[in-house]
Amino acid sequence: MDIIVRKAKEYINTLFRGNADGHDVNHTLRVYKNALQIAEAYPESDLFVISLGALLHDVDDHKLFHTENNANARSFLQEQNVEQEIIEQICAVINSVSFSKNRGRRPGTLEGKIVQDADRLDAIGAIGIARTFAFGGRNGRQIEDTLQHFYDKLLLLKDEMNTEEAKRIAAIRHSFMEEFLKVLHEETDL
Ligand code: ADP
Ligand code: NI
């Protein structure tokens, strides 16, 4: 089990090499770390499915790869001789993570809920702020225009968390974003 997790880390390192956007390898490693932290509060959850779901959650992201039916995740897991039934569970987790694909729908499994929360936590707090301005800059947007994303999405995420543990962490990150926005408005009031 641990060997497959290590191989998955090596795999994403290679796959995301040279990618400096919000989906770089460090995003995936943070989601993995968040997921393990949330999972500690749920001893009944399947840590293998959560770990692989988190580590592979972006390997078939349509913004980066032109694969169908989780092809990258599946071929990696098959190479590691993971049982077909477990591969299906991991792919179900991966497919339940995406914000845009799943508007309003909650994942059907505890493992899906945990990894979705883990991914959303990386969109808020200090790291969420950093990712958002990096994204805005890359897309040629000014700071003022990028700010709209906080009101459109980031400030709504704390109420979208599935698990109590993620709600707890999200509340802290949310207050930090509110404080940041307050100070930013003070400093930039013209
Ligand atoms: P995911 O694929 O993880 O659901 P996205 O690809 O939509 O998330 O976004 C990745 C990161 O890029 C977000 O956390 C956010 O910081 C940033 N981002 C996405 N859309 C915008 C936007 N319209 N303006 C500013 N930042 C954005
Ligand atoms: Ni992600």
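Trainee: What pattern does the protein chain follow along the sequence?

Mentor: Read along the sequence, the protein chain shows α-α-α-α-α-α-α-α-α-α, and its secondary structure comes to 10 helices and 0 strands. Helices (H or I, at least four residues) and strands (E, at least two) are DSSP runs, numbered from the N terminus.

Trainee: Why is the protein chain called as compact as a globular protein of its length?

Mentor: The globule rule is 2.2 Å times the number of residues to the power 0.38, and the radius of gyration is taken over C-alpha atoms. For 190 residues the rule gives 16 Å, and the radius of gyration of the protein chain is 17 Å, close to that value, so the chain is as compact as a globular protein of that length.

Trainee: On what basis do these values rest?

Mentor: This is a predicted model, in which local features need pLDDT of at least 70, side-chain atom pairs count only at pLDDT 80 or more, and totals for chains, interfaces and linings use all residues. Residues are numbered from 1 along each chain as its sequence is written, chains are lettered from A and ligands numbered from 1 in the order in which they are written, and side-chain values use heavy atoms, with hydrogens and water left out.

Trainee: What makes helix H3 mostly covered?

Mentor: Buried means under 20% relative accessible area (exposed is over 50%, partly exposed in between; 1.4 Å probe, protein chains only). In H3 (residues 47-55), 8 of the 9 residues are buried, including Phe-48, Ile-50 and Leu-55. The buried residues of H3 pack against helices H1, H2, H4, H5 and H6, where contact means heavy atoms within 4.5 Å.

Trainee: Which residue caps the N-terminal end of H3, and at what distance?

Mentor: The cap is Asp-46, with a side-chain oxygen 3.0 Å from the backbone nitrogen of Phe-48. A polar contact is a pair of N or O atoms within 3.5 Å; within protein, one must be able to donate a hydrogen and the other to accept it, and residues adjacent in sequence count only if both atoms are side-chain atoms.

Trainee: Which side chains place an N or O atom by ligand 1?

Mentor: Lys-63 has a side-chain N or O atom 3.2 Å from an oxygen atom of ligand 1. For Arg-141, such an atom lies 3.3 Å from a nitrogen atom of ligand 1. A polar side-chain atom of Asp-119 is 3.4 Å from an oxygen atom of the ligand.

Trainee: How do the residues of the shell around ligand 1 divide?

Mentor: The shell holds 3 nonpolar, 3 polar and 6 charged residues. Asp, Glu, Lys and Arg count as charged; Ala, Val, Leu, Ile, Met, Phe, Trp, Tyr, Cys and Pro as nonpolar; the others, Gly among them, as polar. Helix H7 (residues 125-138) gives the most to this shell, with 3 residues.
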